[in-house]
2 protein chains.
Amino acid sequence: MRESDSPEARPYHHGDLRRALVEAACRLLEKEGAGALSLRAVAREAGVSPAAPYHHFKDKSELLDAVAHEGWEKLDVAFQAARDAKTSPPERVRELGVAYVRFASQHPDLYRVMYDCSRDKADMPAHVHENEESAYRRVREVLISAGADPSDEIGLELATIACWCAAHGLAEMTSFKQFEPLKEALGGEEAFLRGVLAHVGVFAKGL
Amino acid sequence: MRESDSPEARPYHHGDLRRALVEAACRLLEKEGAGALSLRAVAREAGVSPAAPYHHFKDKSELLDAVAHEGWEKLDVAFQAARDAKTSPPERVRELGVAYVRFASQHPDLYRVMYDCSRDKADMPAHVHENEESAYRRVREVLISAGADPSDEIGLELATIACWCAAHGLAEMTSFKQFEPLKEALGGEEAFLRGVLAHVGVFAKGL
DNA sequence: GCGCTATCTTAGCGTTGTTCAAATAAGAAA
DNA sequence: TTTCTTATTTGAACAACGCTAAGATAGCGC
């Protein structure tokens with residue numbers, strides 16, 4: 001029981017440690033929270049020595065990158081449902097926003113890692129951010145399908161960014177306990193999210 | 001030169017160390033960034049031993065709280081100008097948003113500390129957040145003066161939160177290098193901020 | 001003067017990220 | 001097969017961190 005018990009390819013004598021480490025990190029993140037996510041703890045959880053990860057990641061931050069990558073993929077899955085929802089295109093924009101925020105509120109520590117990675121590598125070339133990029137493009141597509149003018153390059157980009165900013169801001173705030181009375185008054189988190197997003201132009205009318 | 005050279009009250013035999021520590025922390029934050037802000041580094045910067053801070057703050061996080069407190073005060077100063085601007089009330093809402101985001105983009109590391117403190121104490125009683133609260137109330141006031149219906153308690157709160165979320169989201173994103181081409185196309189950061197905020201209902205039309 | 005108490009220092013504990021030489025095991029070459 | 005090579009893992013170590021405990025120091029009221 002010293003490594004991931006998945007029956008996958010184990011190309012070297014200790015199995016696919018890289019994969020095992022990322023999974024251990026995700027497990028720790030859900031169990032103990034972001035504060036407990038040290039490289040040593042991840043190695044411990046995976047059952048290897050503290051130095052082992054350095055043969056698969058040059059840094060702690062590179063491990064976190066891999067975790068974040070996983071996170072963006074999970075978010076993309078959550079986006080699928082919203083995009084394929086059988087509602088009007090403008091409503092789909094809202095669904096996308098709600099899906100985003102709900103993802104963040106269901107996996108707060110993972111979301112934190114994802115965002116910290118994005119910020120710490122904010123000045124790196126674009127190809128580093130492939131997953132963010134793909135989520136970004138998805139928002140953009142839904143905005144177009146909701147009636148945004150695709151020929152107005154700048155306007156479209158501004159709208160997409162506004163979408164993303166509002167969703168990110170709300171995602172980081174929903175957990176604030178100060179809002180709980182309001183959530184109850186509205187009858188749940190879902191209604192709260194929709195209520196806030198309704199005040200954000202892009203979500204309210206799809207541009 | 002072992003402590004702050006301000007000629008202020010020094011009630012105990014080493015001067016007002018608490019104050020000196022907060023100032024040293026702010027100095028470090030601007031010089032070296034958030035990553036270099038260790039308790040020991042702050043003590044070093046203030047010219048005292050690593051254990052000295054523990055007689056003024058029970059924790060590292062309590063020092064950061066004090067730094068964040070300072071930050072909210074500085075933000076409030078930045079808000080003053082926007083509130084007193086001689087423009088139409090709806091325009092003032094936009095000014096507030098721009099002031100908020102500009103503050104965050106001018107003091108990114110301080111803003112990070114401020115926000116991390118808010119999140120880490122998100123489940124604490126309200127009086128802990130007096131400064132956030134006062135900034136929140138300021139937004140609320142400006143919204144009312146811009147035409148929001150003060151009797152619609154819930155609607156007003158939702159609008160305030162939407163404001164804050166959009167501003168916070170944008171504040172954390174403006175530094176992303178991906179947006180730089182767009183900023184240039186629009187002729188500067190200011191235009192970029194206004195462009196994004198224009199897509200956020202609350203900012204665009206003051207509710 | 002005296003003691004009291006707050007303040008600061010020195011020393012130390014446990015943990016972290018990271019490096020490096022040595023050990024180990026898998027795959028290729030003989 | 002045996003040997004060689006190379007990728008992987010370990011164990012020991014370093015500096016830096018947050019934090020604690022015991023002692024030194026200095027200001028205060030008596």
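Biologist: At what angle do α4(B) and helix α6 of chain B pack, and how far apart are their axes?

Modeller: This is a predicted model. In it, α4(B) and α6(B), the latter covering residues 130-145, pack at about 155° with their axes 8 Å apart.

Biologist: What makes α4(B) roughly antiparallel to α6(B)?

Modeller: Angles over 145 degrees count as roughly antiparallel. The angle here is about 155°, so α4(B) is roughly antiparallel to α6(B). Their crossing is left-handed.

Biologist: Which residues make that contact, and how do they divide by class?

Modeller: P89(B), R92(B), V93(B) and L96(B) of α4(B) meet R138(B), V139(B), V142(B), L143(B) and S145(B) of α6(B). By class, the contact of α4(B) with α6(B) has 6 nonpolar, 1 polar and 2 charged residues.

Biologist: In chain A, what makes α3(A) and α6(A) roughly parallel?

Modeller: The axes of α3(A), residues 60-84, and α6(A), residues 130-145, come within 9 Å and cross at roughly 15°. Angles under 35 degrees count as roughly parallel, and therefore α3(A) and α6(A) are roughly parallel to each other. Their crossing is left-handed. Among the residues in contact are W72(A) and F79(A) of α3(A) and R138(A) and V139(A) of α6(A). By class, this contact has 5 nonpolar, 4 polar and 6 charged residues.

Biologist: Why is the pair of F179(B) and F192(B) called tilted?

Modeller: Their ring centres are 5.8 Å apart and the planes stand at 35°. Rings pair if their centres lie within 6.5 Å, with planes under 30 degrees apart counted as stacked and over 60 as edge-to-face.

Biologist: Which parts does the pair tie together?

Modeller: F179(B) lies in the loop between α7 and α8 of chain B, and F192(B) lies in helix α9 of chain B, so the pair ties together parts that are 13 residues apart in sequence. Both F179(B) and F192(B) are buried. The whole structure has 16 aromatic pairs over all chains. One aromatic cluster is formed by W72(A), F79(A), Y100(A), Y111(A), Y136(A) and W164(A).

Biologist: How do you know whether P108(B) is buried, exposed or partly exposed?

Modeller: Buried means under 20% relative accessible area and exposed means over 50%. P108(B) has 45%, so it counts as partly exposed. P108(B) is in helix α5 of chain B, residues 108-120.

Biologist: What makes K183(A) count as buried?

Modeller: Its relative accessible area is 9%, and the cut-off for buried is under 20%. K183(A) is in helix α8 of chain A. Beyond its neighbours within four places in sequence, K183(A) is in contact with T174(A), G188(A), E189(A) and F192(A).

Biologist: And why is G169(B) called buried?

Modeller: G169(B) has 0% relative accessibility, so it counts as buried. This residue is in helix α7 of chain B. Leaving aside neighbours within four places in sequence, G169(B) is in contact with C165(A), H168(A) and G169(A).

Biologist: What is the make-up of chain A as a whole?

Modeller: Chain A has 10 helices and 0 strands. Of its 207 residues, 47% are buried.

Key:
Residues numbered from 1 in each chain as written. Chains lettered and ligands numbered in written order. Predicted model: local features only at pLDDT ≥ 70, side-chain atom pairs only at ≥ 80, totals over all residues. Heavy atoms only, no water. Phe/Tyr/Trp six-rings, centres within 6.5 Å; stacked < 30°, edge-to-face > 60°. Helix = DSSP H or I, 4+ residues; strand = E, 2+ residues; numbered from the N terminus. Buried < 20%, exposed > 50% of the residue type's maximum accessible area, 1.4 Å probe, protein only. Contact = heavy atoms within 4.5 Å. Axes fitted to C-alpha atoms, helices over the stretch in contact; angles between N-to-C directions. Parallel < 35°, antiparallel > 145°, perpendicular 65-115°, else oblique. Left-handed = near helix turned anticlockwise from the far one by under 90°. Nonpolar A, V, L, I, M, F, W, Y, C, P; charged D, E, K, R; others polar.
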